[in-house]
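Here is a briefing on one protein model. It covers charged side-chain pairs and a pocket.

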Amino acid sequence: MRYGIMFTVKSPTNLYRKVTVMDFKRARQITFTTDEVEGDEMEDDLKEYVRDQLEKVETGYWDYKSSH
């Protein structure tokens, strides 16, 4: 598997969750909001991976929750 979701953050001021993904093939982190999946800037294989995981992302499966 090339990608793995590290965590997501739900903003109180934005409708879209911020997603941080690890690209294991290129050893890099990619951060974007869920609305960017429909744009043209994201790589097609990353779009496909995120679309497959979108239900879990939207329900907060990977949400980072700070207790501070």
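How many salt bridges does the structure hold? The structure holds eight salt bridges. A salt bridge here is a side-chain nitrogen of Lys or Arg within 4 Å of a carboxyl oxygen of Asp or Glu. The model is predicted: local features need pLDDT of at least 70, side-chain atom pairs count only at pLDDT 80 or more, and totals for chains, interfaces and linings use all residues. Residues are numbered from 1 along each chain as its sequence is written, and side-chain values use heavy atoms, with hydrogens and water left out.

**Salt bridges**

- Side chains of opposite charge can pair when their charged atoms come close.
- Arg 2 forms a salt bridge with Asp 45, with 2.9 Å between the closest N and O atoms.
- Arg 2 lies in the segment before β1 (3–9) and Asp 45 in helix α1 (residues 44–58), so this pair ties together parts 43 residues apart in sequence.
- Helices (H or I, at least four residues) and strands (E, at least two) are DSSP runs, numbered from the N terminus.
- Arg 26 forms a salt bridge with Glu 43, the closest N and O atoms being 3.4 Å apart.
- Arg 26 sits in the loop between β2 (18–23) and β3, and Glu 43 in the loop between β3 and α1, so the pair ties together parts 17 residues apart in sequence.
- Arg 51 and Glu 38 meet through their side chains in a salt bridge (3.6 Å, N to O).
- That pair links distant parts of the chain, 13 residues apart: Arg 51 is in helix α1, and Glu 38 is in the loop between β3 and α1.
- Salt bridges that share partners join Arg 2, Asp 23, Arg 26, Arg 28, Glu 43 and Asp 45 into one network.

**Exposure of the partners**

- Buried means under 20% relative accessible area, exposed over 50%, and partly exposed in between (1.4 Å probe, protein chains only).
- Asp 45 is partly exposed at 33%.
- Glu 43 is partly exposed at 25%.
- Arg 51 is partly exposed at 43%, whereas Glu 38 is exposed at 60%.

**Largest pocket**

- The largest pocket holds about 200 Å³ of space.
- A pocket is an open set of points on a 1 Å grid over the protein atoms alone, where a 1.4 Å probe fits, with protein on both sides within 12 Å along at least five of seven lines; lining residues have an atom within 4 Å of a point.
- Strand β3 (residues 28–33) gives the largest share of the lining, four residues.
- Lining residues include Arg 28, Phe 32, Glu 43 and Leu 46.

How values were computed:
Grid points are joined across faces, edges and corners, and a volume is the space filled by probe spheres set on the points.
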